[in-house]
Amino acid sequence: MTTADYIPDVAPLPAAIVPTNYLTDKESLLSWLLTTDHKRICILYTFSITAFFVFGSAMAFMVRLALLTPGGGWVTAETYNRLFTMHGVIMVWFFLIPSIPATLGNFLVPLMIGARDVAFPKLNLLSWYLFLVGGVMALIAMVSGGVDTGWTFYTPLSTTFLNSAVLITVIGIFIAGFGTILTGINFIVTMHTMRCPGMTWFRMPLFLWAIYATSVIQVLATPVLAMTLILVGVERVWHVGIFDPALGGDPVLFQHFFWFYSHPAVYIMVLPGLGVIPEIICCFARKRPFGYKAIAFASMAIAFLGFCVWAHHMFVAGISIYAGLAFSWLSMMVAVPSAIKVFSYTATLYKGSIQMTAPMLYALAFIGLFVIGGLTGVMLATLGLDVHIHDTYFVVAHFHYIMVGGALTAYLGGIHYWWPKITGRLYSEFFAKLSAPIIFIGYNLTFFPQFVLGYLGMPRRYHIYPPDFQVYNVLSSAGATILGIGYLIPFCYLIWSLKYGPRAGDNPWDATGLEWQTPSPPPTHNFKKTPIVTEEPYAYYNRKSPIGPA
Amino acid sequence: MDPRSTDNLHLHEQFETLQQQEYAATLGMWAFMATEFLLIGVLFVAYGVCRMRWPEAFRRGSSEMHYWLGFFETAIILTTSFLVTLALRAAKLGNNRQVIALFATTVMLGAGFLTIKGTEWYLEYGEGLVPGYFTTIPTKEAHLPPDQQHPRPVQERLFMLFYYLLTGTHAVHMLIGMGLLSTMMFLTARGKFSASYHTPIELVGIYWHFVDLVWIFVFSSVYLLRQ
């Protein structure tokens, strides 16, 4: 499509002659570090979160290695605490939270609504720097002794009893949090004010509804975490006693604040994933989504309900039984919009012209894993059952099914689906189709045994366990290896495709949506002229033949 | 809009019209206010929860506040809110000289507020109300001889801690607001704003009103709940 790649970087030619895209517009390092182009910021985020993902995975791998044997294997209890803490901190705040919103969201929000950029491009760049500074501080904490509080920083353990690098980690998360907030504000404002002519709210792709709901959570939940972490820091330095019962404070208050953020934060991670899936499914089933408005409002309902369920993390922390009942019921309510989404996605497949492309395989894997994660969530929301399986591997398996099985699989699916648009290249379909099932199998092998382990009573965060549990732990660690290979394959062929992949063309999937109506990779200002939308979203019935590379 | 209009100088490239840009900027500011509201909200909730736990100690703490000074601070805050509103009106009328005068008065009154606040903190220090976390660690105090222990019970010191957290956070926001107002004065003097373009003035106004609103809650919940 573009010939820009063949033009050497000499004196700039007139734009009319050379169709540059956002990657070739300017090529100095400084032009990348000071860019305000949402597409370039997407690339910056993609590089940085991939690096953090590698760190976080390494920690997870060492945890699984330690759990191979009942005796704790090759690490001490203290090292083990640091490993799972840093795994959680890095994966939650420096990979999952920014994963889909800051990469695909940054790239697609302006493109999908037909805008030239986000509303506040400079703030967008600032978000990345805040994220990076926060992440670097977490890494500094890692090399200066690590943190061993668990990613939850429960008081008074984190404030009084531990001598690890809590303070610097907390400050790092605080700074990165403001990056998240600014991203959220940017997307909300962009979607409200910058939709092109004809792009009504109900013509927006469902991905944008999910990003909108996510942004609302980012803006309303993250500040609560920020102030709570400040209080933890203050208490740690001066022992002030807000969360210390000996000094008149209340340790459960910390848990309320923390989960008031951290439960909605789970939806920051998975809602964008739930938004990627209908894009993929509609494209490769060549159909309109079943229940567009239901899916859109389900996103908003999840965002709203997400703020009303936090105390289900505290059923055994001494909250009153009536509060427990209310939060148990509210938590089960989250299953309703989640189920609406899953049923709608499945119903969209019905009588569709289904193409089993790589993104489609990831989307189907997502549905399978998300259903398991969601249903075990309902089990955990049950007050009586939670008392039994609270803080066991059942919980660990449940939230990994949502956050890794759900969010990460959707992220990979989205990366595959929009890879031709972002890079202008096609990846190897063969290897992509190979990696998706490997990830699915490896994933289930890793985490399904943990449901059994948890139900049998193995608590989380211990590096030793009774020998009876070894077979499940060995299964889990074996699965982790397969999963690791599954993640390594896309890493290789996606990088390979950057140089050797065939050129994708503007619309390789013959998909609807404004992002496919502009060249791949898009020019710096996205569209040659402001597009005008005249049809409903996902108008696949207007397309004659489904042409795909599959 | 006439494309040759000088107002287009203010139009950023990602927007189509100045109206769209103004709408975006205003909405962004309100979204940021929602964030700020929840940020400060944590402190108020924590304060409320601890006050419910120790109503008597917190009542004693409140009754030791210099509430006349608080009253003057509140009067100053309400006056500045009024002045900022007048400044927005002046900006809409294109009266830049008046905008500068009103903002200058606001900044000076803000400095006055912080001076009174500082005086208050100084007086409290003299009265031994500072919780004293810097000098002794409360959890280890029980092992110290009585004359080295803090004279007040931990619950009252907790109240003072919240007082410093709330007023301190508010003071930081005041300083940011004064910086923003000064920047607006500078930009107005440079002729950046006109009757048709003065969005930044409006946004700074929103911020300033928010900071004032926080103070009203601080004053009523920390100073006035004394009986």
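1. Start with helix α14 of chain A. It is mostly covered: 29 of its 31 residues are buried. Here a residue is buried if 20 or more other C-beta atoms lie within 10 Å of its own, exposed if 12 or fewer, and partly exposed in between, with C-beta atoms placed from the backbone. Helices are DSSP runs of H or I of at least four residues, strands are runs of E of at least two, and both are numbered from the N terminus. The helix covers residues 393–423 and bends by about 45 degrees at A:Tyr417. The bend is the angle between axes fitted to the seven residues ending at a residue and the seven starting there. Just after α14(A), A:Gly424 has a positive phi of about 80 degrees.

2. A word on the source. This is a predicted model, in which local features need pLDDT of at least 70, side-chain atom pairs count only at pLDDT 80 or more, and totals for chains, interfaces and linings use all residues. Residues are numbered from 1 along each chain as its sequence is written, while chains are lettered from A and ligands numbered from 1 in the order in which they are written.

3. Confidence comes next. The model scores ipTM 0.91 and pTM 0.93. pLDDT is the predictor's confidence in each residue, from 0 to 100. Chain A averages 92, and 95% of the residues score at least 70. Two stretches of chain A fall below 50: residues 1–9 and residues 545–550. Residues 1–9 have 16 contacts in the model beyond near neighbours in sequence. Two residues are in contact if their C-beta atoms, placed from the backbone, lie within 7 Å. Where pLDDT is low, the predicted coordinates should not be read in detail. Chain B averages a pLDDT of 90, with 92% of the residues at 70 or above.

4. What is the secondary structure of chain A? It comes to 16 helices and 0 strands. The radius of gyration of chain A is 23 Å, close to the 24 Å that the globule rule gives for 550 residues, so chain A is as compact as a globular protein of that length. That radius is taken over C-alpha atoms, and the rule is 2.2 Å times the number of residues to the power 0.38. The C-alpha atoms of chain A fill a box of roughly 70 × 50 × 45 Å along the principal axes. Buried residues make up 56% of the chain.

5. Chain B is also helical, with 6 helices and 0 strands. Its radius of gyration is 22 Å, whereas a compact globule of 227 residues would have one near 17 Å. The C-alpha trace of chain B spans about 80 × 30 × 30 Å along its principal axes. Of its 227 residues, 37% count as buried.

6. Look at α3 of chain B, residues 67–92. At 1.5 Å a residue, its 26 residues should span 38 Å, and its end C-alpha atoms are 38 Å apart, which agrees. The expected span is 1.5 Å times one less than the number of residues. Buried residues of α3(B) include B:Gly70, B:Ile77 and B:Val84. The buried residues of this helix pack against α4 (96–126) and α6 (199–223) of chain B. Just after α3(B), B:Gly94 takes a positive phi of about 75 degrees.

7. Where do the chains meet? In total, 32 residues of chain A are in contact with 29 residues of chain B. The elements giving two or more residues to that side of chain A are α6 (166–193), α7 (206–238) and α8 (251–285). Of these, α7(A) gives the most, with 8 residues.

8. A:Thr228 is buried, with 29 other C-beta atoms within 10 Å. Not counting residues up to four places away in sequence, A:Thr228 touches A:Phe254, A:Phe257, A:Phe258 and B:Val42.

9. Finally, check some backbone details. The peptide bond from A:Thr155 to A:Pro156 is cis, with omega near -5 degrees. A:Pro156 sits in the loop between α4 (121–143) and α5 (157–161) of chain A. The bond from A:Ser520 to A:Pro521 is cis as well, with omega near -15 degrees. A:Tyr538 is not a glycine, yet has a positive phi of about 55 degrees. With 24 C-beta neighbours inside 10 Å, A:Tyr538 counts as buried.
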